[in-house]
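Subject: Structure handover

Hello,

Here is the structure I said I would pass on. My notes on it follow below.

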Amino acid sequence: MSNIILIGYMGCGKSTIGKKLSYAVRKPYVDTDKLIETKEKKTISTIFSEQGEEAFREMETACIKSLFAQKQEHVIAVGGGLPLRSQNRALLKKLGTVIYLRAKPETIYERLKTDTTRPLLQCADPKEKISQMLLQRAPVYEEAAAYVVDVDNKSFEQIIKEIKEKTDETISH
Ligand code: S3P
């Protein structure tokens with residue numbers, strides 16, 4: 001399927017870029033975090049605190065599976081931890097073209113330092129946590145992705161142009 005799937009660490013811009021890209025390529029936008037929140041009628045933070053991270057990860061896998069039923073192609077932004085399960089990476093590859101929006105830890109920290117909606121970053125030293133998690137996750141994101149787009153210090157227009165170039169290339173080959 002020719003969905004365009006955006007992956008990457010929290011704060012890399014998946015939802016902002018996803019919404020703008022959705023207009024540019026005329027495919028509706030969906031976001032796995034929002035789909036899960038709507039289905040569960042709870043915020044991600046409440047799911048983490050009441051049911052724990054593992055339960056949330058199960059919801060993510062179910063959510064990705066449910067997207068195969070969509071008839072229309074979409075721009076899909078997925079939660080930062082979703083590609084960590086190898087099963088999910090395999091599902092994403094079947095679902096469409098996976099783009100990794102790669103951001104430096106400093107960029108992410110600047111964007112998320114006052115954020116309270118990411119339970120995994122509500123800790124004493126979020127800067128260190130971001131660096132450590134990125135060290136572990138970057139190779140996983142790279143493995144999951146067909147293409148990598150660096151987002152640091154780029155305009156949204158530039159990022160969208162790069163994504164369009166890469167996805168058109170995929171479609172024409
Ligand atoms: C998570 C990323 C979040 C959300 C949850 C866990 C992660 O999504 O799914 O807080 O493990 O990286 P965003 O990447 O959209 O912030």
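In which helix does V25 lie? V25 is in helix α1, which covers residues 14–25. Please keep in mind throughout that this is a predicted model.

V25 is partly exposed, with a relative accessible area of 22%. Setting aside residues up to four places away in sequence, V25 touches I4, V75 and K164. L84 is 59 residues from V25 along the chain, and the C-alpha atoms of V25 and L84 are separated by 27 Å.

Overall layout

The protein has 8 helices and 5 strands. Read from the N terminus, the elements come in the order β-α-β-α-α-α-β-α-β-α-α-β-α. The radius of gyration is 15 Å, close to the 16 Å that the globule rule gives for 173 residues, so the protein is as compact as a globular protein of that length. Along the principal axes, the C-alpha trace spans about 45 × 35 × 25 Å.

Of the 173 residues, 44% count as buried. The accessible surface comes to about 9100 Å², and carbon and sulfur atoms account for 52% of that surface. If you take the contacts between residues at least 6 apart in sequence, 73% of these join residues at least 24 apart. On the charges, there are 28 positive and 24 negative ones, and their mean positions are 4 Å apart.

Cysteines

How many disulfides does the count come to? The count comes to 0 disulfides. For C63, the closest cysteine sulfur is that of C12, and at 17 Å it is too far for a bond. C123 is in no disulfide either, as its nearest cysteine sulfur, again in C12, is 18 Å away. As for burial, C63 counts as buried at 7% relative accessibility, whereas C123 is partly exposed, with a relative accessible area of 33%.

Two residues with positive phi

Most residues other than glycine have a negative phi. K41 is not a glycine, yet it has a positive phi of about 55 degrees. K41 lies in the loop between α2 (32–40) and α3 (44–51). With a relative accessible area of 73%, K41 is exposed.

N153 is the other case in these notes: its phi is positive, near 55 degrees, and N153 is not a glycine. Where is N153 found? N153 sits in the loop between β5 (147–150) and α8 (156–172). The relative accessible area of N153 is 83%, so this residue is exposed, the cut-off being over 50%.

Three further helix residues

E37 lies in helix α2. T107 is 70 residues from E37 along the chain, and 26 Å separates the C-alpha atoms of E37 and T107.

K65 is part of helix α4, residues 53–66. K65 counts as partly exposed, at 45% relative accessibility. Which residues does K65 touch, not counting residues up to four places away in sequence? K65 touches Q87 and L91. K65 and K127 are 62 residues apart in sequence, and from C-alpha to C-alpha they are 33 Å apart in space.

K93 belongs to helix α5, residues 86–95. The relative accessible area of K93 is 46%, and this residue is partly exposed. K93 is in contact with V98, E143 and A144, leaving aside neighbours within four places in sequence. One of these, A144, is 51 residues from K93 in sequence, while the C-alpha atoms of K93 and A144 are 7.4 Å apart in space.

One is V25 in helix α1, with I4, V75 and K164 in contact. Another is the loop between α2 and α3, where K41 lies.

Regards

Technical notes: Residues numbered from 1 in each chain as written. Predicted model: local features only at pLDDT ≥ 70, side-chain atom pairs only at ≥ 80, totals over all residues. Heavy atoms only, no water. Disulfide = S-S within 2.5 Å. Buried < 20%, exposed > 50% of the residue type's maximum accessible area, 1.4 Å probe, protein only. Helix = DSSP H or I, 4+ residues; strand = E, 2+ residues; numbered from the N terminus. Rg over C-alpha atoms; globule rule 2.2 N^0.38 Å. Contact = heavy atoms within 4.5 Å. Areas by Shrake-Rupley, 256 points an atom, 1.4 Å probe, with all protein chains shown as cover. Lys, Arg positive; Asp, Glu negative; His and termini not counted. Charge placed at Lys NZ, Arg CZ, Asp CG, Glu CD.
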